[in-house]
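Trainee: I am new to this structure. Can you show me how to read its sheets and its chain contacts?
Mentor: Take a look first, then ask.

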Amino acid sequence: MSAVLDTSASARESILGRLRSTTIADAPALPDVKGWFDAHRRHEDLPQRISRLRTAMEAVKTEFHNVTDADWPEVLLRVAATKGIRNLLIGTNTAHGAVLEARHPKGLQLVPYAQPIDTWRDQLFDSIDASLTSARSAVAEIGSVIVWPTPSEPRLMSLVPHIHFVLLDASTIHSDLHSAISAEGWSGNLPTNALLIGGPSKTADIQQTLAYGAHGPKELIVLLRHTTEATS
Amino acid sequence: MSRIIPIHPMDDFKERSRSVLNDPGQRKNFRGAMDFLQAKRKSQFPDQEEREGLRDLGAAIRRYSLAHLPRLLEQLEANLTANGVQVHWAQTSAEANAIALDIARRVNARSIIKGKSMVSEEIEFNHAMEAAGIEAFESDMGEYIVQLAGEKPSHIIMPAIHKTKQQIAKLFAEEVPGVAYTEDVDDLIQIGRGVLRRKFADADIGLSGVNFAVAETGTLCLVENEGNGRMCTTVPKVHIAITGIEKIVEKLEHVPPLYSLLSRSATGQSVTTYFNLISGPRKPGELDGPEEVHLILLDNGRTQAYADEQLRATLQCIRCGACMNHCPVYARIGGHAYGTTYPGPIGAIISPHMLGLESTYPLAFASTLCGACAEVCPVKIPIPDILVRLRNEAMAQPQSDEATLRGSGAARTVADRAVWSVWSQVYGRLGLYKLASWFMSRGRAMSPTEQGAWTRSRTPLIPAPKRLRDLLKDRKS
């Protein structure tokens, strides 16, 4: 143990020493990343951002449903029934989780993620069909929802179940990743794990043939919540 | 002193290349895959102005990061440590493996599940773990296939690019218990999914690479499509990330342009399925995530490249693989022929720092210098210039000012040196040149019919019967 620690410490000194002994002729200035994005950003209104997000995510097999604050549980339950989902992993102490629980849905067992993973890992891997999490926001340009796992909605909710429902408020859609990072002030308050999710898990590792459901969810279903009555 | 090295690496490389060139099946696989990847990338950059602007920005970010590398490494270390991540430093592959092994022994690990990491290939991580009795299991579909076949990746992004679905179908039917032969790609992926889900749930340690390490926030970024990277970094109790010291940026805002360049250049996707930002282990109150996160920072020759103004650009690389996808040499011989962890143009310029020029210089010569790699490189590494530099280094006089790398001068042979010494004498003195060219033109019947590599597929070179100066003299008279 200590031998390895010593080696690491001396490796650190040697590596940094070698790097510092190199003189960099005309070191470049800090790149103007903001300037580049400002110059190339599309100035779109919300419907245009929604449309761009949907187009990008639907192209990689993401399912979208327009919902309102009133009807999203009903839409979710309908979709779940169509897909034969038997149980749904939900967070604890979330507003949307509470709404679902209050409905006592028939035929769909709600499973709260209430215990540390270490106590129920096999059950999560082997017997959970689907999950519901909220999205923090989304990015139109790269067609991704932003998910910040919390103690209420832990990391594995958006990864292990075969189907992932994500509740996204349409008003939170950013134009591009740079504006998302700066508008939400990421650099000061990143959680232990932050995620961009662009669709269901996929691979093209066998002869460049695209296949969905590699290791993560086989289906990603976005419930796009509009503040006003939406047409589905 | 020039020296002749006992084992000529060129022989192996050429032999492997020839064997692929004579295999129409493999050549068809590679051609098909390269055409596919080139078309996909092209479709992602419809606007030339945007593409070039973004490449300039990407190159500027990477150059800036390298210029400030020692400061950024210390900043990264400080912020990761504050976030609860343990940072380790390794000068060599052996040191990196020893660090991982030490962690594994401390937590009594029996199995390690691996996300895609080329650095772990570089340090032969799996061998080191297996030698210590710890199972190291690949979970990226391509890597899993390659490991199951007892092979190595032939491409840095698509490890099993050399295999057809028929070959994979046969492999699964033979190696995975209870699986019937199927060529259906969806079915094959579901077989892999089934096997690997169990492995994720049971593994003691997850190992991953790093695409970008952000110094200002102490964040490790991982780019992937399958979700296995997220599994490896979230499910096991311990997560070990390993990366080369160069994969660092200062600010979080430096990530979006590089991420865009990476996904578009690598597989021609506007975005990957997952972009995973890890800033620490499980905090009190959180219900999942690893309890320990470790980062191993590896040198393995990178500081040698760093020390040289021209070769430092090698470290700008973000490992997208576009250079190999567009390389006429790679497209014909594939990744295995190179015999190095990193194949293709980037492999030819990075491997000498890891393995020494003495065993890798043939790669620098296996290029037409067509420039396709530099044209597509998202961070504008001048690969052809570096190839030429490495050729010069390989021919340099060892221990002289012109020899700056480990293994410089390795390609210099007594015969080569004699030929070039005569050449420079003759071409440097007019009288001698006149005399020599007179003899050559008159003695052309004595030209050798065997002229080494030249005559293997060409007719011998024979001097002209009249020298240029004779022709000019004839014209004047």
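Predicted model: local features only at pLDDT ≥ 70, side-chain atom pairs only at ≥ 80, totals over all residues.

Trainee: What holds strands of a sheet together as pairs?

Mentor: Backbone hydrogen bonds, and the pairing is either parallel or antiparallel. Here is a parallel case. In chain A, strand E2 (residues 87–90) runs parallel to strand E4 (residues 130–134), and two bridges join them. Leu88(A) sits opposite Ala130(A) of E4(A).

Trainee: Where is there an antiparallel case?

Mentor: Look across the two chains. Strand E9 (residues 193–197) of chain A and strand E9 (residues 274–278) of chain B run antiparallel, joined by five bridges. One pair to find is Asn193(A) with its bridge partner Ile278(B) in E9(B).

Trainee: How many residues of chain B are in contact with chain A?

Mentor: Count each side separately. Chain B has 79 residues in contact with 68 residues of chain A. Helix H10 (residues 185–202) of chain B supplies nine residues, the largest share of the side of chain B that touches chain A.

Trainee: How does that side of chain B divide by class?

Mentor: The side of chain B touching chain A has 38 nonpolar residues, 22 polar and 19 charged.

Note on methods: Residues numbered from 1 in each chain as written. Chains lettered and ligands numbered in written order. Pairing = 2+ DSSP bridges. Helix = DSSP H or I, 4+ residues; strand = E, 2+ residues; numbered from the N terminus. Contact = placed C-beta atoms within 7 Å. Nonpolar A, V, L, I, M, F, W, Y, C, P; charged D, E, K, R; others polar.
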